[in-house]
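Have your viewer ready and follow along from one section to the next.

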Amino acid sequence: MAILKIARMGHPVLAERAKEVPDPTAREIRKLVEDMHETLADIRGAGLAAPQVHIGKRLVIFAAPKERSEEGEEEDAPETDFSPMTEIINPEWQPLSDEMAMGWEGCLSVPGLTGAVARHTHIRYRGYSPQGQLIDREATGFHARVFQHEFDHLDGILYPMRMDDLSLLVFTEEAQKFGLPEIEGEEEPEEDASEGISEDEGAAA
Ligand code: NI
């Protein structure tokens, strides 16, 4: 196992379309997944895509634990809001409704910043595990957001490229001092809903 170096915005590997993995069960993929887990644990992020560790392959890992739910830890939050640590190869997805919601995101490849991004709130995604099993899930809330964020990395898209309003792109450190800017149309900023805003900036993806 090894802790891998994170590619930052500007590195060409983050701008390219990652390649399909011909055999999700290949030994080299299993090794990469192990190293990505170790890297993600070290930086305490929510998710990581292979291009972020300089590997242009269609593979992401992420988790959407209860404490990061967009709805908080309420007991009535749907199960689709949450995901255990997941490794998914050659993923595909589709929206299950037209509804989009703004939420704060951070990215390990764009360190120090956080921005508000509109994402689909209800999606279905599919792909394969490193054991070759089909993963087919519905996702809502933070779970849907983190998946879309990681998937974008496979198509060379970083979250600032999804932003319509760059006044909502701020340094995390300043946001911790002065608070997050208000998102138009939202009653209050959902501070605990974000990947990027936390005491340590490692909650990015
Ligand atoms: Ni990211």
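The sections below cover the model, its metal site, a helix, a sheet and some backbone angles.

## About the model

This is a predicted model, in which local features need pLDDT of at least 70 and side-chain atom pairs count only at pLDDT 80 or more, while totals for chains, interfaces and linings use all residues. Residues are numbered from 1 along each chain as its sequence is written, and side-chain values use heavy atoms, with hydrogens and water left out.

## The nickel site

Which atoms coordinate the nickel ion? The donors are Cys-107 (SG), His-149 (NE2), His-153 (NE2) and Ala-205 (O), at 1.9 to 2.3 Å. Donors here are N, O and S atoms within 2.8 Å of the metal (3.2 Å for Na, K and Ca); water is not among the atoms, so sites may look incomplete. Along the chain, these donors follow the spacing C-x41-H-x3-H-x51-A. Cys-107 sits in the loop between strand E4 (100–105) and strand E5 (113–120), whereas His-153 belongs to helix H2 (residues 141–154), so the pair ties together parts that are 46 residues apart in sequence. Helices (H or I, at least four residues) and strands (E, at least two) are DSSP runs, numbered from the N terminus.

The arrangement around the nickel ion is irregular because its 4 donor atoms subtend angles of 93 to 141 degrees. For reference, four donors count as tetrahedral if all angles lie between 85 and 135 degrees; four count as square planar and six as octahedral if opposite donors are over 155 degrees apart and all others between 65 and 115; anything else is irregular. Cys-107 counts as buried at 2% relative accessibility, and His-153 is buried with a relative accessible area of 1%. Buried means under 20% relative accessible area, exposed over 50%, and partly exposed in between (1.4 Å probe, protein chains only).

## Helix H2

H2 is mostly covered, with 14 of its 14 residues buried. Its 14 residues should span 20 Å at 1.5 Å a residue, and the end C-alpha atoms are 21 Å apart, which agrees; the expected span is 1.5 Å times one less than the number of residues. Just after H2, Gly-156 has a positive phi of about 75 degrees.

Leu-154 lies in this helix and is buried, with a relative accessible area of 0%. Although Leu-154 and Ala-18 are 136 residues apart in sequence, their C-alpha atoms are 5.0 Å apart in space. Beyond its neighbours within four places in sequence, the contacts of Leu-154 (heavy atoms within 4.5 Å) include Ala-18, Pro-51, Leu-59 and Pro-91.

## The sheet beside it

E4, E5 and E8 form an open sheet of 3 strands in the order E4-E5-E8, with antiparallel pairing. The edge strands are E4 and strand E8 (169–171), each of which pairs on one side only. Two strands pair if DSSP finds at least two bridges between them. E5 and E8 pair in the antiparallel sense over 3 bridges, and the bridge partner of Thr-114 in E8 is Val-170. H2 packs on the sheet, touching E4 and E5, and its direction makes about 105 degrees with that of E5. Axes are lines fitted to C-alpha atoms, for helices over the stretch in contact, and angles run from 0 to 180 degrees between N-to-C directions.

## Positive phi values

Most residues other than glycine have a negative phi. His-54 has a positive phi near 70 degrees; His-54 lies in the loop between strand E1 (47–49) and strand E2 (59–64) and counts as partly exposed at 32% relative accessibility. Asn-90, with a positive phi near 50 degrees, is found in strand E3 (residues 83–95).
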